[in-house]
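Keep the 3D view open as you read.

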Amino acid sequence: MAATTAAAAALSSLSFLSPNPPISFLFPKSTKPFFLSGSFRSLSLSLAPPRAKASDIDTAFFDDLDPEEEVVFDPPTPPEGFTPPPAFDDGPDETEDEIAAAYEELYGPAYSGVSVLGNDVFVMDSKVKKTSAFGKVKKEKVRDGFEERVVQVRRVTKVVKGGKQLHFRAVVVVGDKQGQVGVGVGKAKEVIGAVQKSAVNARRNIVTIPMTKYLTFPHRSEGDYGAATVMLRPAAPGTGVIAGGAVRIVLEMAGVENALGKQLGSKNALNNARATVVAVQKMKQFREVAQERGIPMEELWK
Amino acid sequence: MARRYWNINLEEMLEAGVHFGHGTRKWNPRMAPYISAKRKGIHITNLTRTARFLSEACDLLFDAASKRKQFLIVGTKNKAADSVARAAIRARCHYVNKKWLGGMLTNWPTTETRLHKFRDLRTEQNTGGLNRLPKRDAAMLKRQLSRLQTYLGGIKYMTRLPDIVIIVDQQEEYTALRECITLGIPTICLIDTNCDPDLADISIPANDDAIASIRLILNKLVVAICEGRSSYIRNP
């Protein structure tokens, strides 16, 4: 069994992926405040999901696997004196202490509650955000370069036996002005909470827009989501963004300066925002198409 | 990625019954390239493909282990639960062998809260704090502790999301697979003839019903992980 408890090297291997620091939001300026409540509650902020990065695991064999091709199994020759290692069931039984020691060497004591190698058992406490001691803590820093704009705040109702339960639903568009946008929805009992939730949601679905150097689209495109259809068209520099409501906000937050857009189907703000995102995702840069098709770019402009 | 020798031979796999699939009526047509024959109403998987994929998967695990990645083995079938636990303990990986709680990975902050509670309860138990409480409270806390031990016992050393997840049966662990896909974690999955090979990143067509076949494949993967770790220890 190969996992030897050899030289107990203090492993600080916990630094590969560090979870994102807790997000906090600036109270955004709402364009259409429907109903602002008087009391501000301190809200529990949620971490963005820590994304695993697989960039250095080489799955090349499996990525371009053609299922139909004939696969040949030719293992390399066994090295001399090769004895098959014992199965995990047959090997010598390890005592709990040995197991705990081996795990602790690899991962630190983590959440096990016991520490065989003498490390501090409460090492994971520093990772917990202290839900703050006194009063309400409002962290007011705007983070990671994204600006938020509220598209629509609506009061929605759920009818129950006792009466009507009111919630607020906020649609927020988040973007840096450099080609990244995201649309998010969130519902809560108060407007600010809803806006924050929707901003978190928006940051999870961010999309990159292909833009030319004159800050406009490479070509026309149409996109639909639900019953909303949106048509986008590039424009010459100096035109500005000529589009209505939700479409205009999405394009502005993306950093597009010159474009024409029209809502062709339903006028629902959320669906139109999502439809613009769909339309924009369908666009390709000229350079990419030329590369994929293997033809020079001049051919595409004819 | 250098190819190494993993002692995979087809006779061993035939003995363990890795080539048996599920009944013909329950198949997933996407598995057609991996099925070689149909015998007595059961599909037979193509063992050369299995062997090749298994060896490539082992190479990948070896590389990942030598780069100090964290693994998670998920297997909740009653038959496989015990072998999953033992295999993971042998390989020093995290494991889930009782029910996979929804949101274990996607709702990681909440899982962390539960792990904190687990650790606190354990320290209380070790220092004897539970005996000082009235009987009813102590009984409640002990029940909570045993519950946390069954569900979270295998991941109590997990400090962050795992880098590779090994899933034993795709149909059983569909939620786990879905979570890994949304988070972008590469997965290795044992695929049977009624599963979808395109969902997991690395799929090994094998029999997920027979204990012998699960043990065999887990054995190879575990050996790969151990070798990778020891190669790291030799030359970090």
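Does B:Leu72 count as buried or exposed? With a relative accessibility of 1%, B:Leu72 counts as buried; buried means under 20% relative accessible area, exposed over 50%, and partly exposed in between (1.4 Å probe, protein chains only).

Some ground rules before going on. This is a predicted model, where local features need pLDDT of at least 70 and side-chain atom pairs count only at pLDDT 80 or more, while totals for chains, interfaces and linings use all residues. Residues are numbered from 1 along each chain as its sequence is written, chains are lettered from A and ligands numbered from 1 in the order in which they are written, and side-chain values use heavy atoms, with hydrogens and water left out.

**Around B:Leu72**

B:Leu72 is found in strand β4 (residues 71-74) of chain B. Helices (H or I, at least four residues) and strands (E, at least two) are DSSP runs, numbered from the N terminus. Looking past its neighbours within four places in sequence, B:Leu72 is in contact (heavy atoms within 4.5 Å) with several residues, including B:His94, B:Trp100, B:Met158 and B:Ile164. B:Ile164 is 92 residues away along the chain, yet the C-alpha atoms of B:Leu72 and B:Ile164 are separated by 6.5 Å.

How do β4(B) and β6(B) pair, parallel or antiparallel? They pair in the parallel sense, over 4 bridges; two strands pair if DSSP finds at least two bridges between them. B:Phe71 has B:Ile164 as its bridge partner in β6(B). On to the next strand: β6(B) is joined to β7 (residues 187-191) of chain B by 3 bridges, and these two run parallel. There, B:Ile166 has B:Ile188 as its bridge partner.

In a regular strand the side chains alternate between the two faces of the sheet. Strand β6 (residues 164-167) of chain B is covered on both faces: B:Ile164 and B:Ile166 are buried on one side, B:Val165 and B:Ile167 on the other.

Just after α2(B), B:Arg68 takes a positive phi of about 65 degrees.

**Over to chain A**

Chain A has 7 helices and 8 strands. Of its 302 residues, 38% count as buried. Among the contacts in chain A with a separation of 6 or more, 58% are between residues 24 or more positions apart.

One open sheet has 4 strands in the order β1-β2-β3-β4 (chain A), with antiparallel pairing. Its edge strands are β1 (147-160) and β4 (206-208) of chain A, each pairing on one side only. β1(A) is joined to β2 (residues 163-176) of chain A by 13 bridges, and A:Thr157 stands opposite A:Leu166 in β2(A). Helix α3 (residues 191-204) of chain A packs on this sheet, touching β1, β2, β3 (180-188) and β4 of chain A, and its direction makes about 140 degrees with that of β3(A). Angles run from 0 to 180 degrees between N-to-C directions, with axes as lines fitted to C-alpha atoms, for helices over the stretch in contact.

The UniProt annotation "domain: S5 DRBM", from an unreviewed entry, covers residues 146-209 of chain A; UniProt annotations may be inferred rather than shown by experiment. That span is 22% helix and 62% strand.

**The other sheet of chain A**

Another open sheet of 4 strands has the order β5-β6-β8-β7 (chain A), with mixed pairing. At its edges are β5 (221-225) and β7 (241-242) of chain A, each pairing on one side only. β5(A) and β6 (residues 228-234) of chain A run antiparallel, joined by 5 bridges. In β6(A), A:Ala228 is the bridge partner of A:Tyr225. Helix α5 (residues 269-281) of chain A packs on the sheet, touching β5, β6 and β8 (259-263) of chain A.
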